[in-house]
Amino acid sequence: MNPYDDFLLLILSSPSGAGKTTLTRLLLDRCPELLFSVSHTTRPPRSNEVDGRDYHFVDRARFVELVAAGAFLEWAEVHGNLYGTSTAEIDRARAMPGCSGMIFDIDYQGARQIKSKVSDVVAVFVLPPSMHELERRLRGRASETEDAVQRRFAMAQLEIEHYALFDYIVVNEEVQRAFDELRSIVVAERACRERRAPLAESLLRVGRLA
Ligand code: 5GP
């Protein structure tokens with residue numbers, strides 16, 4: 001993939017319950033130029049989820065077919081279900097007028113795969129302020145059974161072990177502050193030299209003609 005054009009690929013990962021979904025929604029609300037990457041998953045939809053908006057819900061056989069066809073930029077098994085980011089999602093964002101970046105809500109395994117393939121991706125890890133607070137938030141979720149809470153809490157430890165894969169860590173103690181930090185990362189990344197290099201080079205070309 002083309003490194004260093006001005007299109008922003010932003011990975012957001014976190015252990016369940018760290019508040020990543022809320023932060024992603026806020027970012028999408030405030031940054032209309034960013035598009036959400038709709039993953040494929042074999043997980044059954046939750047009651048508030050819409051096929052094609054939250055996920056592309058598929059069965060395992062279809063998912064395996066898509067893997068074999070090379071449809072995914074990355075895919076992984078998370079909490080016993082398969083999840084994957086199709087390359088078609090990035091093509092969709094790049095083709096959309098006014099869109100200058102894409103947000104990937106994926107786990108650390110997916111982050112590792114995309115980072116190994118795309119050099120200028122920006123990966124942000126959202127962490128809770130403490131494990132105690134993480135447990136409290138997981139228990140507050142009406143959609144989860146006790147068994148699922150236990151599994152997700154145990155998984156959180158494993159996910160946090162992979163913090164070194166990420167370029168930034170946002171601590172979500174208070175949503176507005178965490179959001180401000182995340183927004184600052186997006187603003188700073190947009191202004192980094194590599195992303196502004198095409199502009200600088202085009203200015204130079206004009207300068208040479210004058
Ligand atoms: P949930 O089932 O709660 O929506 O998501 C469970 C986990 O799967 C979350 O950590 C989420 O970030 C991750 N996930 C969602 N989509 C993808 C994907 O396309 N690829 C990978 N690797 N992880 C994903």
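Exercise 1. Decide whether Leu9 is buried or exposed, and find how far its C-alpha atom is from that of Val121.

Solution. Step one: Leu9 has a relative accessibility of 3%, so this residue counts as buried (buried is under 20% relative accessible area, exposed over 50%, partly exposed in between, with a 1.4 Å probe and protein chains only). Step two: Leu9 sits in strand β1 (helices, H or I with at least four residues, and strands, E with at least two, are DSSP runs numbered from the N terminus). Step three: Leu9 and Val121 are 112 residues apart along the chain, yet 5.0 Å separates their C-alpha atoms.

Before going on, please note that this is a predicted model, where local features need pLDDT of at least 70, side-chain atom pairs count only at pLDDT 80 or more, and totals for chains, interfaces and linings use all residues. Residues are numbered from 1 along each chain as its sequence is written, and side-chain values use heavy atoms, with hydrogens and water left out.

**Helix α1**

Exercise 2. Work out which residues of α1 are buried and which are exposed.

Solution. Step one: the buried residues in α1 are Lys20, Leu23, Thr24, Leu26 and Leu27. Step two: they share one side of α1, because their arc around the axis is only 165° (the arc is that of the directions from the helix axis to the C-beta atoms). Step three: Arg25 and Asp29 are exposed on the other side of α1. Step four: the cover over the buried residues of α1 includes β1, β2, β7, β8 and α7.

Exercise 3. Find what Lys20 touches.

Solution. Step one: Lys20 belongs to helix α1 and is buried, with a relative accessible area of 12%. Step two: setting aside residues up to four places away in sequence, Lys20 touches Leu12, Ser13, Ser14, Asp105 and Ile106 (contact means heavy atoms within 4.5 Å).

**The largest pocket**

Exercise 4. Describe the lining of the largest pocket.

Solution. Step one: the largest pocket holds about 1200 Å³ of space. On a 1 Å grid over the protein atoms alone, a pocket is an open set of points where a 1.4 Å probe fits, with protein on both sides within 12 Å along at least five of seven lines; lining residues have an atom within 4 Å of a point. Step two: 39 residues line the largest pocket, and Thr21, Arg46, Tyr55, Asp105 and Arg141 lie nearest its centre. Step three: α1, β5, β6 and α6 are the elements that give two or more residues to this lining, and the largest share, 6 residues, comes from α1.

**Aromatic pairs**

Exercise 5. Work out how the rings of Phe125 and Phe166 are arranged.

Solution. Step one: the structure has 5 aromatic pairs (rings of Phe, Tyr and Trp, with its six-membered ring, pair if their centres lie within 6.5 Å; planes under 30 degrees apart are stacked, over 60 edge-to-face and the rest tilted). Step two: the centres of the Phe125 and Phe166 rings are 4.4 Å apart with planes at 5°, so this pair is stacked. Step three: because Phe125 lies in strand β8 and Phe166 in the loop between α6 and β9, the pair ties together parts 41 residues apart in sequence. Step four: both Phe125 and Phe166 are buried. Elsewhere, ring pairs link Tyr55, Phe57 and Tyr83 into a cluster.

Terms used: Grid points are joined across faces, edges and corners, and a volume is the space filled by probe spheres set on the points.
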